Each structure stands twice: as structure tokens, then as C-alpha cells.
Amino acid sequence: EEDECCAFTNCGRAALEVLLRNLPFRPRCVWVPRFICDTVTEPLRRLGLPLRRYRCDKQLSPLLPDDLREEDVLLLVNYFGLADERLDAAASGHPGPVLVDATTALYAPRPDAASGIFYSFRKFLPVADGGSALASYPLHTRPAETDDSRARMRFLHLRAEQGAVAAAAAAQEAEDSLSAPAKRLSPQTRALLGGIDIERAGERRCANYRLLHAALAPLNRLELPDVPPSAPLCYPFVSAIPDLRDSLIDAGIALPLYWPEVIEATKAQETENRLARTLLPLPLDQRYGEEDMARLLRLILG
């Protein structure tokens, strides 16, 4: 439920805007990782906050800049819901405000050392939009307008009837419609969320993760935990298997690219560029069971 320190919005970037608007002071700048979706920069532009970038290593751990100051906001990312330990260490090392992007980590709690965290519902649950902000400080300034998500739900119907690939164009239209200024969570999405067994969905994700990790860990260049700290978005897989992305897509496996804008903004030899090109977000959500994971593993391992 919403309270003084929790706000529901129409998307994750709107929740970030709420966190930034309510900070106790105006920061000198906001440090954002280079490996991140560019949509996170929209609230910064609207608020006129300077943006600075920092890097990560090949294990997605943040490499904090030497000139990070107490009056700066540090934005950390919980990549795919699997980076809790790395976040705790990085957040504890910054004396100023730390905000956590958990748009790919819906089930992750706010780290004790973080000032705020923001989530996205639609990446994990069968809804067209929705986000939330949770802070250690009051969130008095909130969006005045409430969203209407009825038109945006078209892609959910397409995905249910024809699959993720067929719904890709409609999903992109829904994504583009969220670029407007922040709004409150729509009544339609709020009602849908009330009917979803979120805990059971998380349990299924964790079970699928364990199946994939047991088979793929020896081939995965990412060092991942045997037991996920929270229900993950996907199984992030980086391997030397040639043309694996194309072969999986040809087999009907939907594999989004995280994130194409990173490839355009970085050099080919840089870590973030390589991650964006090679990381395969293998699906493991609650729509799938053991047979689906077994088929996916057969496609990968032969």
C-alpha cells in the first residue's frame, strides 16, 4: 500500500522522477552506469539534473568513479535481480544519496544503505505498465495526473494469443507511450495487480533459474549465485557458443537486447559494449515449467 515513503506510478522511470523530486537537496549531478537503458535519463532531463557516467566490470559490478562527491546522487542497478551483494557493497561506500534501479529486480528489497529504490511491474507481471518508488525520506511531491492504460493493454492480448514475437511491435508502442511525464498508477493496472499471485510467480522464476543454472553455469562467463537472492527477471547467459542468439530466435525464443543504445554509445572493445552484444537474457518467467526449461537447454547444448 502507498504511504508517505512509497508511491505507485505508471512506470519505473516515473518512480525515479518521484525519488529525485523529493530528495532533501538538489544534487550536483547524478551518476548513472553506462550499461543501462537510456529511458532512465528521461527524468534527469526533465528535472535539469546533470548526468555523469561510470563503468562496470565484466561481472556487472560497479566501478565507482574517483570524483564521486557527497552531494552527488549515485544510481546503482540491480541487474536482473541477481546483484544484491554487489549493490550492498557499493551503496555502503558512498556517503551521499544512493538510488537503486530495480526495474529488472521486482522482488529485491531496498538495501539498507540506499536512500531509495524504484521498480517496474510490467517486466515481471502480466500488466501493461506500472512502477513504484520506495524511499527512506518522505515523497510529498507526486504526479498530479492518473494514467489510463486501456489502450496500452493491446500488446498483452496479442502476446497471450500469438506469443511474444508477434506482440513485439505492439509492445514497443506501449513502451513509447510511457515517455510522457510521470503519472500515477492507472486504476486498470491497480486492479489487475490485485488479482495476481505475485509470490507464486516468484517461486516459479526461482525454480526455473535453478534448472538453467545447474546446466549452464560451467559455460556461463557471468558468475551467478547458485540460489538467486530474489526472483530474477531472466537467466543472463554469456558464452562462447557461436551464433547462439540467432539459433534461439530462429527456434522461437524471444531474446530482448539489453541494451542496443549501449552498443551505439560505446566502443567495441569496451566491457559494456561486449555485454550488450553477448548477454542472452534466457526466459524463465512464470509461464514456463520444467519441460520448457528442458527444451531451452536442448536448444543450447544440443
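Reader: How many aromatic pairs does a search of the whole structure find?

Author: The search finds nine aromatic pairs, where rings of Phe, Tyr and Trp (its six-membered ring) pair if their centres lie within 6.5 Å, and planes under 30 degrees apart count as stacked, over 60 as edge-to-face and the rest as tilted. This is a predicted model, in which local features need pLDDT of at least 70 and side-chain atom pairs count only at pLDDT 80 or more, while totals for chains, interfaces and linings use all residues. Residues are numbered from 1 along each chain as its sequence is written, and side-chain values use heavy atoms, with hydrogens and water left out.

Reader: What kind of pair do Phe-80 and Tyr-258 form?

Author: Phe-80 and Tyr-258 form an edge-to-face pair, with 5.5 Å centre to centre and 70° between the planes. The two residues are 178 residues apart, Phe-80 in the loop between strand E5 (73-77) and helix H3 (84-92), and Tyr-258 in the loop between helix H8 (244-250) and helix H9 (260-265); helices (H or I, at least four residues) and strands (E, at least two) are DSSP runs, numbered from the N terminus.

Reader: Is Phe-80 buried or exposed?

Author: Phe-80 counts as buried because its relative accessibility is 1%, the cut-offs being under 20% relative accessible area for buried, over 50% for exposed and partly exposed in between (1.4 Å probe, protein chains only). Tyr-258 is buried too, at 13%.

Reader: And how are Tyr-209 and Tyr-235 arranged?

Author: Tyr-209 and Tyr-235 form a tilted pair, 5.4 Å centre to centre with 55° between the planes. Tyr-209 lies in helix H7 (residues 198-216) and Tyr-235 in strand E9 (residues 235-237), 26 residues apart.

Reader: Which residues do ring pairs link into a cluster?

Author: The cluster consists of Phe-35, Tyr-79, Phe-80, Tyr-258 and Trp-259.
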